[in-house]
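Thanks for making time. I have one structure to go through, so please look at the screen and stop me where needed.

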Amino acid sequence: MANQIHEEGKFKYIELGEGTPVVVLHGLMGGLSNFDGVTDFFPEKGYKILIPELPIYSMSLLKTNVKNFAKYVSEFIDHKGFEEVILLGNSLGGHIGLLCTKLYPEKVKALVITGSSGLYESAMGESYPKRGDYEYIQKKAENVFYDPAVATKEIVDEVYASVNDRNKLIRTLAIAKSAIRHNMAKDLPKMETPTCIIWGKNDNVTPPEVATEFNELLPDSDLYWIDKCGHAAMMEHPDEFNKLLYAWLQKRNL
């Protein structure tokens, strides 16, 4: 379904439903972080789902780093007039969510991460191919999922176009470097925010042991696994993802 995009000042976002605000943070390649399952399910359950378009390709190169994206999310929360929100992030979006939670803890009621970077050094560089022919890009895109069929032609085309766009490529590499610099291992033990970790058992990009480490380091976290699932759980197994997340939100009275 095509959702209406709101444009206000520097913010572009989709908004659905009424209730507790959940701000969804996509990864580097939008198509590999498809949140249709989340936008279909949660608005009917008393949540307002907001998906801001992160300025991954539009910030000046010097500002293209994880910290400035976290600041952007904080400004978006203020722009919408919310006191606090639930953040939900996949891949780079999870990393931005973690850093936003560290920097602005008073604005984040709870955090949900899936296939998140922030601990695992090679996650970014390996999953986002530098360049290459179409077949190579297709293999890389398929590697994101447990079932390669999830990487539709449309998704592969999008990744291929991004990788062959010099401006996007330069920014992607800048973000990858910044993600490695912003390793969160030392910060996590000080972060008291309730955190739900949902991870694919077969994630090749951020392997399962990364999820276990997040769970060990975060003081107030719960870890849930999804079988036969790769790096984008909310896309590959939307029903199971929604069920796990909804149960956790209810358990935590969120």
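In which sense does α5 pass α6, right-handed or left-handed? The crossing is right-handed. Keep in mind that this is a predicted model. The two helices cover residues 134–143 for α5 and 153–163 for α6, and their axes cross at roughly 115 degrees, coming within 9 Å. On the α5 side the contact is made by Tyr134, Ile137, Gln138 and Ala141. On the α6 side there are Lys153, Val156, Asp157, Val159, Tyr160 and Val163.

Now the sheet. It is open and has 8 strands, in the order β1-β2-β4-β3-β5-β6-β7-β8, with mixed pairing. At the edges are β1 and β8, the latter at 221–226, and each of them pairs on one side only. Ignoring direction, neighbouring strands are turned against each other by 25 degrees on average.

Residues 5–8 make up β1 and residues 11–16 make up β2; they pair antiparallel over 4 bridges. Glutamate 7 has lysine 12 in β2 as its bridge partner. Between these two strands are 2 residues, giving a hairpin, and glycine 9 in the turn has a positive phi of about 55 degrees.

On to the next pair. β2 is also joined to β4, residues 47–52, by 4 bridges, and the two run antiparallel. Here tyrosine 13 has proline 52 in β4 as its bridge partner.

For a parallel case, take β3, residues 20–25, and β5, residues 85–90, which are joined by 4 bridges. Leucine 25 stands opposite glycine 89 in β5.

Next, the helices on the sheet. α2 packs on it and touches β1, β2, β3, β4 and β5, with its direction at about 60 degrees to that of β2. α8 lies across β6 (108–114), β7 and β8, and runs at about 160 degrees to β8.

Valine 205 is found between β7 (195–200) and α8 (208–217). Is valine 205 buried or exposed? Its relative accessibility is 7%, and the cut-off for buried is under 20%, so valine 205 counts as buried. Valine 205 and alanine 232 are 27 residues apart in sequence, while their C-alpha atoms are 9.8 Å apart in space.

Last, the annotation. An unreviewed UniProt entry lists residues 21–133 and 162–238 under "domain: AB hydrolase-1". In the model, the chain over residues 162–238 is 43% helix and 16% strand. The end C-alpha atoms of that stretch are 25 Å apart.

That is what I have. Questions, please.

Terms used: Residues are numbered from 1 along each chain as its sequence is written. This is a predicted model: local features need pLDDT of at least 70, side-chain atom pairs count only at pLDDT 80 or more; totals for chains, interfaces and linings use all residues. Side-chain values use heavy atoms; hydrogens and water are left out. Two strands pair if DSSP finds at least two bridges between them. UniProt positions are given in the numbering used here, feature names are shortened, and annotations may be inferred rather than shown by experiment. Axes are lines fitted to C-alpha atoms, for helices over the stretch in contact, and angles run from 0 to 180 degrees between N-to-C directions. A crossing is left-handed if the near helix is turned anticlockwise from the far one by less than a right angle, and right-handed if clockwise. Contact means heavy atoms within 4.5 Å. Buried means under 20% relative accessible area, exposed over 50%, partly exposed in between (1.4 Å probe, protein chains only).
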